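Reader: I would like to go through this model with you and ask what stands behind each label. Shall we begin?

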Amino acid sequence: MTALSANAAAVPHSGIREIVDLASVQKPGDVIHLEIGEPSARTPAHIVAAAVAAAEGRTGYTSSAGIRELREIASARIARVTGLPVSLEQVVIGQGAVQLLSAAMAALVAPGDEVLIPDPAWPNYEMQALLYGARPVRYPLRPENGFLPDPAEIEALMGPRTRVLIVNSPSNPTGKVVDRLTAEQLVRAAERHGVTVFSDEVYDEIVFNGAHVSLAAMAPQSVVSIFSLSKTYSMTGWRVGYAAFPHWLAGTVAKLQETFISSLPVASQAAAMAALTGPTDFIAANLADYRTRRDSVLADLSAIGLVAPIPAGAFYLLAPLADGADSRRSAIDLVNHGVSMAPGTAFGQIARSFLRISLASSAEDLAEGVRRYRDWFETTEGGLALGNG
Ligand SMILES: Cc1ncc(COP(=O)(O)O)c(C=O)c1O
């Protein structure tokens, strides 16, 4: 039997998926799902219609960097939201933001290189770094600093092997939004050390307080900015993302796309074109829903004395456990109490005594799920009664 590659063997399972899988084998209807970052709203009809029309036409392979017209549309949108004029050659379409991040990582890191990743952060960054043999180096987003990055502390972690700095704003799982000054300082620190910034901006249109700051225009030569159709357009299942790369990197990533995907499904690309050029009123309506859900979850938690960090964007909320409680154990136990939430341990160390609730679940599910959480919290002393480790 051929041995597994050491890199592949080193990739941990996603701690979110563990709970998703556990919850999915329960009897349908027994568990309320608050663990997945997936809008409960359906994909808007005009987007679905464009995909159906495309599927009825010729559906061959397309360019591995994406259909030209979609790249043009994406480059216009990137220019509009970031203020950075990007050429068609700099834009690559991928199978969701996740696949573009992976391709960009493959283009830049070699075994032994270091990738700076937030703690807490979406687990896939670390999984990707490990897959390419890089060493993930976590930088803290401390609760006492509002879960925001500290540029001086991050710069101190940059060494000769640091290749990539990952910044995610609005953040999954904290919902915090990086301000302009901090963003600027992060980008300048990366420039000083020859580090490429991966600016994961998949929640760029989901901001409740303040404004989204895009890092791309701050240093076009050293920032990759990554966007997605998944969250804003309720299109998680269509698997389309797009990214703007510096000139020196774009061609290599476009080339690598051939090895990963050959090309994306035509129907998904047609759907993405319709999404990016069509009506946008539902975006504001969804945002208002997320905000209402955020406020009612915060109120429901505070009714039993729980103070959660207030998310300014994305659609997640970190519900606190008792100090020192183990969130993985708690999340597993909660599935048996009829509600599934993502454990903070899935995102690193700092949020280990929190559970992530997705505000993209329906209002009814959130209300009932949080009620079950409160009952559970009171009977388990906030998870402490389950013990640790
Ligand atoms: C921070 C972050 N980046 C990227 C993604 C992946 O998005 P996509 O569906 O476009 O692959 C997610 C999905 O949850 C996410 O939370």
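Reader: Which residue stands opposite Asn 168 in strand 6?

Author: Asn 168 has Asp 200 opposite it in strand 6. Before we go on, please keep in mind that this is a predicted model, where local features need pLDDT of at least 70, side-chain atom pairs count only at pLDDT 80 or more, and totals for chains, interfaces and linings use all residues. Residues are numbered from 1 along each chain as its sequence is written.

Reader: What makes strand 5 and strand 6 a pair?

Author: Two strands pair if DSSP finds at least two bridges between them. Strand 5 (residues 162-168) and strand 6 (residues 196-200) have 5 bridges and run in the parallel sense, so they qualify as a pair under the cut-off of at least two bridges. The strand numbers come from DSSP runs counted from the N terminus (E, at least two residues, for strands; H or I, at least four, for helices).

Reader: Why are strand 2 and strand 4 said to stand at the edges?

Author: The open sheet has 7 strands in the order 2-8-7-6-5-3-4, with mixed pairing. Strand 2 (91-94) and strand 4 (135-140) each have a single partner strand, so one side of each is left without a neighbour in the sheet. On average, neighbouring strands here are turned by 25 degrees against each other, direction ignored.

Reader: How do you know that helix 5 packs on this sheet, and which strands does helix 5 touch?

Author: Contact is the test: two residues are in contact if their C-beta atoms, placed from the backbone, lie within 7 Å. Helix 5 (residues 96-108) touches strand 2, strand 5, strand 6, strand 7 (223-228) and strand 8 (241-244). Its direction makes about 160 degrees with that of strand 7; axes are lines fitted to C-alpha atoms, for helices over the stretch in contact, and angles run from 0 to 180 degrees between N-to-C directions. Helix 6 (residues 124-131) packs on the sheet as well, touching strand 3 (114-119), strand 4 and strand 5, and its direction makes about 165 degrees with that of strand 3.

Reader: What makes a residue part of the shell around the ligand, and which come nearest?

Author: A residue is near a molecule if its C-beta atom, placed from the backbone, lies within 6 Å of it. There are 13 residues around the ligand, and Gly 96, Ala 97, Val 98, Ser 228 and Ser 230 come nearest. Helix 5 gives the largest share of this shell, 3 residues.

Reader: How does that shell divide by class?

Author: The shell has 4 nonpolar, 8 polar and 1 charged residues. Here Ala, Val, Leu, Ile, Met, Phe, Trp, Tyr, Cys and Pro count as nonpolar, Asp, Glu, Lys and Arg as charged, and the others, Gly among them, as polar.

Reader: Why is Arg 239 called buried?

Author: A residue is buried if 20 or more other C-beta atoms, placed from the backbone, lie within 10 Å of its own, exposed if 12 or fewer, and partly exposed in between. Arg 239 has 20 such atoms within 10 Å, so it counts as buried. Arg 239 lies in the loop between strand 7 and strand 8 and has a positive phi of about 60 degrees although it is not a glycine.

Reader: And why is Ala 314 called buried?

Author: Ala 314 has 28 other C-beta atoms within 10 Å, so it is buried too. Its phi is positive, about 55 degrees, although Ala 314 is not a glycine.

Reader: How do you know that both faces of strand 12 are covered?

Author: Phe 354, Arg 356 and Ser 358 on one side and Leu 355 and Ile 357 on the other are all buried. Strand 12 runs antiparallel to strand 9, joined by 5 bridges, and Ala 319 stands opposite Leu 355.
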